[in-house]
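Visitor: I am new to this structure and would be grateful for a guided reading of it. May we look at it together, one topic at a time?

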Amino acid sequence: MSVQKIVLSLCLLGISTVVNAQDSLTTTTLRTKIHHFSIVDGKMVGEGVDLLKKAIAKAQFTLVGDYPDSKSSSDFTNAILPILDDAQYKTMALGVGVPTARWLHTLAQEPTTVVSELRAANSIYALTENKKTILPLPDMKSVEDARFIQKAGALQWSIIGFGSESWNNLPWLLDQMYAALSDTKQQEYHSRHAKCKAILSKMYTTRKGDLLRFATSLKNSAPIQDFLGKMAVELDDSALLEAFHSIIEICRMHAQKLYFEKNQLRVREEKRLLRQELDLSGIDIDHDRLFVKWDLNFLSRGFQPYAFYGLGNTLSEIAEYNGNTSLHIGMIPRYQFKNGRVLDLTTQKNTMSHRLSTLAQAGKKDIWTVIDLRQMIQESQYAPVKYLLNEPLLDLIKRYDLIVIPALEQEATLNHNN
């Protein structure tokens, strides 16, 4: 065959492929990949549960990437824990600070008191800024958040953390340092601790959203830095101190819009802290199973939207290196009940649901949806190409295996005494 004929054949093949791929991805095209389930009294029921069970059973690591302030995410976690438990998972890693996770693990030893203990902490350490109540633990604000910690405790799971503490959680960290001292040392440091708490309280009251001034004041406060220096000598475990100093640095970077530097630090610390906490827990990362819950953007395989290879990708590579697999589940909302009305987020510009509306449109108000993406790379990248995908969707299917779309997202119940 002549070169000209070969070129012509390739061109015709390319044209044919493009023509065949012109149909946009729709719920009809996706129908064989869409499954449904419900959560009833904290349990998953429906044909979609079988898909989740089989996928989890095959994976060494199951990662659920969710979105902030979501009741549905916590309900899903609560319901999926027994399925993970049946598949021999016994450890949950959360994107919260190490001190918070260790405390949650302790609380979970008495499951019946988890909700009340978290409510007490939220109430004691709540802040008021610009007439708004700010709770110290952003990932543990609601009753639904407390419920999945309670469930993990009932199943006798271990809970570990690998993220950063909130910069609204500094008073709690100071109290934890003080509580770790012996009675004699508490007497010695009582006045210094009280002074630091008073300084912090004033900083929060006068902060008014100025995080740079807040971070700078913390770093330059002689009483606070003196107390931290003393605790570095007195405390056997450095986790509380590390968390406190890390908050100041991350807060400063955020205030100065050093987002690349902040995320670079965050990603490195996540990997270091996860390894540290896994080692302390005696977990064999090469063989033991692990469940991870955090933000959708951070738990994917491949390159994060924030331009780093994050923790999700690291776990994916570790699993594959050891002959295992990782399962990456992303949660995307469609319907949300807010301010007394139901919103269809696929119609709300500048939202994740709008950017991924091709998938999110499969969501329903009255039932949960799970979409299996695992064959879509082949179907969109290799001949015969079934459909063309826009850039956000193509990026998503490279990074996630399953997408879960909750039923109507209800407002969470704040676990706080007003």
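Visitor: Which residues of helix α2 are buried?
Guide: The model is a predicted one. Helix α2 spans residues 48–58, and a residue counts as buried when its relative accessible area is under 20%. In α2 the buried residues are Gly 48, Val 49, Leu 51, Leu 52, Ala 55 and Ile 56.

Visitor: Within what arc do the buried residues of α2 fall, seen down its axis?
Guide: The buried residues line one face of the helix. The face turned away from that buried side carries the exposed residues Lys 54 and Lys 58. The buried residues line one face because, seen down the axis of α2, they fall within an arc of 155°.

Visitor: How do the residues of the contact of α12 with α13 divide into nonpolar, polar and charged?
Guide: From α12, the contact involves Glu 270, Lys 271 and Leu 274. From α13, Leu 311, Thr 314 and Leu 315 take part. The residues of this contact divide into three nonpolar, one polar and two charged.

Visitor: Which are the edge strands of the open sheet?
Guide: Nine strands form this open sheet, with mixed pairing, in the order β2-β1-β12-β13-β9-β3-β8-β4-β7. An edge strand pairs on one side only. The strands for which this holds are β2 (43–45) and β7 (158–163).

Visitor: In β2, which residue is the bridge partner of Ser 38?
Guide: Strand β1, residues 34–40, pairs with β2 in the antiparallel sense. Three bridges make up this pairing. In β2, the partner of Ser 38 is Val 45.

Visitor: At about what angle does α13 run to β3?
Guide: Helix α13 lies across β3 (61–66), β7, β8 and β9 (326–331). Its direction relative to β3 is at about 160°.

Visitor: Is Leu 235 buried or exposed?
Guide: Leu 235 is found in the loop between α10 (222–234) and α11 (239–255). Not counting residues up to four places away in sequence, Leu 235 touches Met 177, Ala 180 and Leu 181. Because its relative accessibility is 11% and the cut-off is under 20%, Leu 235 counts as buried.

Conventions. Residues are numbered from 1 along each chain as its sequence is written. This is a predicted model: local features need pLDDT of at least 70, side-chain atom pairs count only at pLDDT 80 or more; totals for chains, interfaces and linings use all residues. Side-chain values use heavy atoms; hydrogens and water are left out. Helices (H or I, at least four residues) and strands (E, at least two) are DSSP runs, numbered from the N terminus. Buried means under 20% relative accessible area, exposed over 50%, partly exposed in between (1.4 Å probe, protein chains only). Contact means heavy atoms within 4.5 Å. The arc is that of the directions from the helix axis to the C-beta atoms. Ala, Val, Leu, Ile, Met, Phe, Trp, Tyr, Cys and Pro count as nonpolar, Asp, Glu, Lys and Arg as charged, and the others, Gly among them, as polar. Two strands pair if DSSP finds at least two bridges between them. Axes are lines fitted to C-alpha atoms, for helices over the stretch in contact, and angles run from 0 to 180 degrees between N-to-C directions.
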